[in-house]
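Keep the viewer open as you read.

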Amino acid sequence: MTYAEAVADGIWAAGTARVGYIPSVSVAPVVNSLVATDGGADGVSPRVTPLSREEEAIGVMGAVAFTGELGAVVMQDNGFGNALTALTTFTLSYHLPLLVFANTRGSLGEYNSMIHSISQPVPALLRTAGLPVVELDRRSSAEDWRDTVKEAGVHAVMTYRPVVVLGSFWNTDGKAA
Amino acid sequence: MKRIEALQALADLTGHPVVVTCAATSRELASVKDSDNHLYLLDAMGLVGSVATGLALSLDTSAPKVVGIEGDGSLLMNPNVLPTGGYLAPDNLLLVLLDNGVYGSTGDLPTYSSRIDLGRLAAAVGWTTRSTATVDGLKTAFGELLTVRGPAFLHARIEAGNAQGIEKLLIDPVTITDRFTRWLREVHASAVAA
């Protein structure tokens with residue numbers, strides 16, 4: 001099992017009903033795995049769909065919770081600047097479970113000097129806003145990533161709140177940036 | 001047509017899941033009819049189309065269409081809801097745009113809608129559209145769009161200005177979640193998860 005497959009497995013294992021994604025080269029293998037296991041192809045399946053912006057993804061997938069199901073968003077961490085108002089004024093304030101998995105940029109293995117400016121403070125930004133954050137990197141096995149992502153989804157449902165999992169693919173089998 | 005007149009008409013027409021934009025629009029809708037099927041977005045400006053799309057995708061088609069009530073300033077804050085809705089194309093989505101050409105809750109500063117036809121924008125990305133500027137036209141167009149499969153967009157031109165004497169909608173959003181989800185479960189049990 002690759003790390004990308006582990007993330008996808010964890011998302012489904014959490015009981016996720018629907019996934020929206022915003023593309024990133026690092027999460028593309030996650031999306032491909034989600035789509036493949038859902039019987040789709042070319043980035044689209046019955047339960048996995050592309051979305052155009054992170055705040056939109058929070059709105060579309062956050063709304064899944066009103067029907068008693070869990071939605072998930074797969075994205076890159078530099079999009080949290082776009083998503084923060086929706087995360088706080090919608091999902092957090094309305095007590096809506098939502099699983100967000102984001103690959104991280106701006107740390108080890110990063111080639112883009114500018115992206116540090118948003119990605120480095122993301123965990124602190126999210127925690128300051130009251131969002132639970134779980135961080136994963138090379139020190140954990142793919143199996144541990146799977147179990148953690150699954151449990152993060154379960155935690156979101158149990159706590160009626162969005163939960164963010166940040167995954168650094170550097171020095172795993174995945175692409176770092 | 002004033003906004004509150006449009007909202008009165010929509011309140012009379014909707015036993016649907018209704019997602020409504022923040023500030024004056026939510027307040028005025030609640031003042032004419034506060035109902036469990038109303039999901040007021042008290043902040044999160046620009047998110048009505050996204051939330052309505054997510055609901056439409058998640059609900060069984062046995063449920064009534066999801067109706068989003070949006071303003072022009074709010075839509076222009078997140079206009080990508082239009083291509084997203086057109087692409088994902090849920091059968092059961094009806095977005096009503098109350099377009100007064102200004103940011104009505106923030107000093108009546110102008111939006112782009114005096115020069116940009118938001119109905120044409122919606123049509124260009126796959127929505128079935130109707131336009132009106134009267135209450136009777138709103139009722140007729142709403143009825144027509146209920147019969148449409150796929151995303152539907154009702155572009156209603158309204159007068160600028162907020163209704164006077166309307167109380168602020170001071171309600172904990174989690175209360176809205178609770179009553180809206182309970183309403184969905186109780187009224188449309190077959191359309192939501194057990």
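B:Asp72 sits in helix H4 of chain B, which spans residues 72-77. Keep in mind that what you are looking at is a predicted model. Is B:Asp72 buried or exposed, and which side chain of opposite charge is nearest? B:Asp72 is buried, and the nearest such side chain belongs to B:Arg157, 6.7 Å away. A salt bridge needs a side-chain nitrogen of Lys or Arg within 4 Å of a carboxyl oxygen of Asp or Glu, and B:Asp72 has none.

What does the side chain of B:Asp72 reach instead? It reaches the backbone nitrogen of B:Asn100, at 3.3 Å. If you leave out residues up to four places away in sequence, B:Asp72 touches B:Leu97, B:Leu98, B:Asp99, B:Asn100, B:Gly101 and B:Val102, along with B:Thr111, B:Ser113 and B:Leu118.

Now zoom out to where the two chains meet. Chain A brings 24 residues to the contact and chain B brings 32 residues. Between them, about 2,100 Å² of area is buried, with carbon and sulfur atoms giving 65% of it. On the chain A side, look for A:Phe66, A:Thr67 and A:Tyr94: these residues supply 34% of the area that chain A buries against chain B, more than any other three residues.

How many salt bridges and polar contacts cross this interface? The rule finds zero salt bridges between chain A and chain B, but eight residue pairs in polar contact, with both residues at pLDDT 80 or more. On chain A, the elements that give two or more residues to the side touching chain B are strand S2 (48-50), helix H3 (54-62) and helix H4 (80-92). H3(A) gives the most, with four residues. By type, the residues on this side of chain A divide into eleven nonpolar, eight polar and five charged.

Finally, take a look at the backbone. Most residues other than glycine have a negative phi. Against that background, two residues are worth a visit. A:Asn171, in the segment after strand S6 (162-167) of chain A, has a positive phi near 65 degrees. B:Ala44, in the loop between strand S2 (38-40) and helix H3 (48-58) of chain B, also has a positive phi, near 50 degrees. Why does A:Asn171 count as exposed? Its relative accessibility is 53%, and the cut-off for exposed is over 50%. B:Ala44 counts as buried because its relative accessibility is 7%, where buried means under 20%.

Conventions
Residues are numbered from 1 along each chain as its sequence is written. Chains are lettered from A and ligands numbered from 1 in the order in which they are written. This is a predicted model: local features need pLDDT of at least 70, side-chain atom pairs count only at pLDDT 80 or more; totals for chains, interfaces and linings use all residues. Side-chain values use heavy atoms; hydrogens and water are left out. Buried means under 20% relative accessible area, exposed over 50%, partly exposed in between (1.4 Å probe, protein chains only). Lys and Arg count as positive and Asp and Glu as negative; His and the chain ends are not counted. A polar contact is a pair of N or O atoms within 3.5 Å; within protein, one must be able to donate a hydrogen and the other to accept it, and residues adjacent in sequence count only if both atoms are side-chain atoms. Contact means heavy atoms within 4.5 Å. Buried area is the accessible area (1.4 Å probe) that two parts lose on being put together, summed over both. Ala, Val, Leu, Ile, Met, Phe, Trp, Tyr, Cys and Pro count as nonpolar, Asp, Glu, Lys and Arg as charged, and the others, Gly among them, as polar.
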